[in-house]
Amino acid sequence: MVDVLDIDNLSKRYGSIQAVDRLSLKVAQGSIYGILGPNGSGKTTTLGMVLDVVRPGSGTYTWFGQPISKETKHRVGALLETPNFYPYLTARKNLQIVADVKGSNYKSILQVLNLVGLEQRKHTTFKGFSLGMKQRLAIAAALLNNPEVLVLDEPTNGLDPEGIAEVRELILKIAAEGKTIILASHLLDEVEKVCTHVAVLQHGQLRAEGRVDTILSAKDQLIIGADSIPEVVEVLRKLPFVEAFQPERDTVHVTLHEGFGSKELNKAMFEAGVTLSRLTLHRKSLEAQFLEIIKSENR
Ligand SMILES: Nc1ncnc2c1ncn2[C@@H]1O[C@H](COP(=O)(O)OP(=O)(O)OP(=O)(O)O)[C@@H](O)[C@H]1O
């Protein structure tokens, strides 16, 4: 599959702050790629560099295998901050003004309004829009040139729960139309719900990258206790459905392969002659895993 964006060793420093530190990542065509990190981790600076509004300190990037140019810029739509729409003008008139600035055709206005679900509200003035509708109009503006890629920075920031749901649904709809989406967010939950791939950033450095289902998969752990932990460990080593285990002082934390649970583990222990004094399920929250990624890389 073609890489839409290829970032190679990109860095940016502001005085004593290393905002982005030797960052490399590839965004495949058709993916919804989340750049996830706490505030100040370098997400906006990274997007700014690849959109040619922030000059990189060092490193390179390509779009569609080519250095950035007028032609590649035309293929990428971006929403880095909410545009200043005119409150007393209608949705359509506001988009006409954006189209004039971008030099795009008025014909696409109705198409994008339709795509973001605002076609029926094209004559409504901007000030009459809900927060979610305002953000959808901003996304419509970014889609005016029918770009292949849409870049969004914290697209649900400041929205109410209804607006958040609307915008997330819209992102999935746009991706289903075949566009690649690159989305920066500090919300783990958002990336998990919306994205196919994720890069986790901290202090401008890449901490983890991959498919969301592998990087952020919430694997449950079983915690087992027994009189003899070495005996438990001995059995665990031989069980084919045990993915990993970690002995603690008087318990062992066990992760099982997909499709296996406490029943199978209990049965296997019983058959091996080990009586468990404890068998509990510990559901790992994604939040905990995200924190672990950051913590483990910090050691
Ligand atoms: N123009 C600037 N001048 C000085 N420092 C900056 C500038 N822009 C960003 N920084 C600093 O660079 C670091 C990375 O900021 P950046 O905005 O890229 O992070 P972020 O992950 O997008 O965070 P947020 O979600 O809060 O915007 C921060 O420490 C920030 O204070």
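This is a predicted model: local features need pLDDT of at least 70, side-chain atom pairs count only at pLDDT 80 or more; totals for chains, interfaces and linings use all residues.
**Group meeting: the sheet and the ligand shell**

Numbering goes from 1 along each chain as its sequence is written.

So, β5 and β6 (residues 149–153) run parallel, joined by four bridges. Strands here are DSSP E runs of at least two residues, and helices are H or I runs of at least four, numbered from the N terminus. Pairing takes at least two DSSP bridges between two strands.

Zooming out, there's an open, mixed sheet of six strands, ordered β5-β6-β7-β3-β8-β9. β5 (76–79) and β9 (205–211) each have a single partner strand, so one side of each has no neighbour in the sheet. From one strand to the next, the twist averages 15°.

Now the helices. α5 (residues 131–142) lies across β5 and β6, at about 150° to β5. Then α6 (residues 161–176) lies across β3, β6 and β7, at about 155° to β7. Those angles, from 0 to 180 degrees, are between N-to-C directions of lines fitted to C-alpha atoms, for helices over the stretch in contact, with contact being backbone-placed C-beta atoms within 7 Å.

What's around the ligand? Residues there include Tyr14, Lys43 and His186, the cut-off being a backbone-placed C-beta within 6 Å. α1 gives the most to that shell, three residues, and β2 (17–28) supplies at least two.

Notes
Two residues are in contact if their C-beta atoms, placed from the backbone, lie within 7 Å.
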